[in-house]
Amino acid sequence: MLNMERKTFCRRLCAVLFFTNCVSGNYPKAQNVSWLSINFKTLLMWDPKPSNYSYTVEYSVIGQIREWNQHCIRTMETQCDLSNALTDLKATYSADIFSEPLHRVTSDLTEFPHTSSEGFTPYQDTLIGRPEFKIEVSKDKRKITLYVKDPPIALFHEQNKLKTMRDVFADELQYKVTFGKATSTGKKTKISASSEIELDRRDVEPGVSYCFNVQAYIPSRSADKQLGELSKRQCSPGANKSIFEEFGLGVIAGFILLIILIIVVAIVVTVVCCQRTRKANTSGKEGVPLKSV
């Protein structure tokens, strides 16, 4: 009841201070209301694009007093950035989108049509974007280390520095690595609680090139939201192999035999051609008559 009186008072106050024209009639409700959140950059989105009316967004932790975002009052946009407003990341929020008159226009309606969103909990629902990582191969080629950069998020420390996923999830943040030989389609996976992921002889063969994808993994979430976006594929360099390691003794032996066979055939063809040429020359000489003395 208090919440309704508060909204009515505020709307009438706004009408007195900012609006001059008055219209009557209703406005279309917002449709397809949804949350889009990546790395805690959270947008409330809806349809359709308004023409002769506007939208105002009210939001709150479920069950608490509604608030406004100053950029989403009487707006012609169909999205509202609430990233900095949803400060309690583990709370569940809901929002209402009101269809209202344009700026400087009042209405005889006492309550405007609105559409409510589903609940949204940033800690559980934001999608974790693809991480970046670097590959380092040990000098003896027996170990590969991945250095993962914890994804930055759309929230700031008090020092005005961007926070990372590690700042929010702490030890809950893990990484899933999917990898396999560069020359093979077979895949393995490994889960690591650290941003520095080591793969030794139990995981990789020395001197072999492997390709990797990394994604964030939060096991405390529901199954469909545990994994973040897959990183770009990166491959480690392989060792410089000798010709025997690269092609194998069987292939090399077969190649040598082929060369020998070609040489033998060339020699045989040459000898046959030479013999035919000699016979032809001899036959020609025998057929020429002797000159008279």
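1. A disulfide here is a pair of cysteine sulfur atoms within 2.5 Å. The model is predicted. The structure holds two disulfides. Number the bonded cysteines in sequence order and the pairing reads 1-2, 3-4.

2. The link of cysteine 211 and cysteine 235. The S to S distance is 1.9 Å. The torsion about the S-S bond is 100°, and the link is right-handed. Are the two ends buried or exposed? Cysteine 211 has a relative accessible area of 3%, so it is buried, as the limit for that label is under 20%. Cysteine 235 reaches 39% relative accessibility and therefore counts as partly exposed.

3. The link of cysteine 72 and cysteine 80. These sulfur atoms lie 2.0 Å apart. What is the handedness of this disulfide? The torsion about its S-S bond is about 100°, so the disulfide of cysteine 72 and cysteine 80 is right-handed. Both cysteine 72 and cysteine 80 are buried.

4. The four-stranded sheet. This sheet is open, and its strand order is β5-β4-β7-β9. The pairing is antiparallel. Strands β5 (67–68) and β9 (114–116) are the edges, each pairing on one side only. Two bridges connect β5 with strand β4 (residues 54–61), in the antiparallel sense. Across from tryptophan 68 in β5 stands glutamate 58.

5. The hairpin of β12 and β13. Strand β13 covers residues 162–164 and runs antiparallel to β12, with two bridges joining them. Phenylalanine 156 stands opposite leucine 162 in β13. Five residues lie between the strands of this hairpin. Which residue there takes a positive phi? Asparagine 160 does, with a value near 65°.

6. The largest nonpolar core. This core has 26 residues. Phe40, Leu146, Phe169 and Phe212 have the most contacts inside it. At least two residues each come from β11 (144–149), β12 (152–156), α3 (165–169), β14 (174–181), β16 (196–199) and β17. Which of these elements gives the most? Strand β17 does, with four residues. A second, separate core has 21 residues, including Leu44, Trp46, Tyr55 and Leu82.

7. Phenylalanine 40. This residue is buried, with a relative accessible area of 2%. What does phenylalanine 40 contact, leaving aside its neighbours within four places in sequence? Its partners are Ser83, Leu89, Pro122, Tyr123, Thr126, Ile153, Ala154, Leu155, Met165, Val168 and Phe169.

8. Aromatic pairs. How many aromatic pairs are there? The count comes to nine. Edge-to-face needs planes over 60 degrees apart and stacked needs under 30, so an angle in between is labelled tilted. The pair links distant parts of the chain, 129 residues apart. Phenylalanine 40 lies in the loop between β2 (31–38) and β3 (41–47), and phenylalanine 169 in helix α3. Phenylalanine 169 counts as buried, at 2% relative accessibility.

9. Tyrosine 53 and tyrosine 55 form an edge-to-face pair. Their centres are 5.5 Å apart and the planes make an angle of 80°. Tyrosine 53 is buried at 4% relative accessible area. Tyrosine 55 also counts as buried, at 0% relative accessibility. Ring pairs link Tyr53 and Tyr55 with Tyr27, Trp46 and Phe112 into a cluster.

10. A charge over a ring. Lysine 90 places its charged end over the ring of tyrosine 123. The distance to the ring centre is 4.8 Å. Tyr123 is also among the contacts of phenylalanine 40.

Conventions: Residues numbered from 1 in each chain as written. Predicted model: local features only at pLDDT ≥ 70, side-chain atom pairs only at ≥ 80, totals over all residues. Heavy atoms only, no water. Buried < 20%, exposed > 50% of the residue type's maximum accessible area, 1.4 Å probe, protein only. Pairing = 2+ DSSP bridges. Core = buried A, V, L, I, M, F, W, Y, C linked by side-chain atoms within 4.5 Å. Contact = heavy atoms within 4.5 Å. Phe/Tyr/Trp six-rings, centres within 6.5 Å; stacked < 30°, edge-to-face > 60°. Lys NZ or Arg CZ within 6 Å of the ring centre and 35° of its normal.
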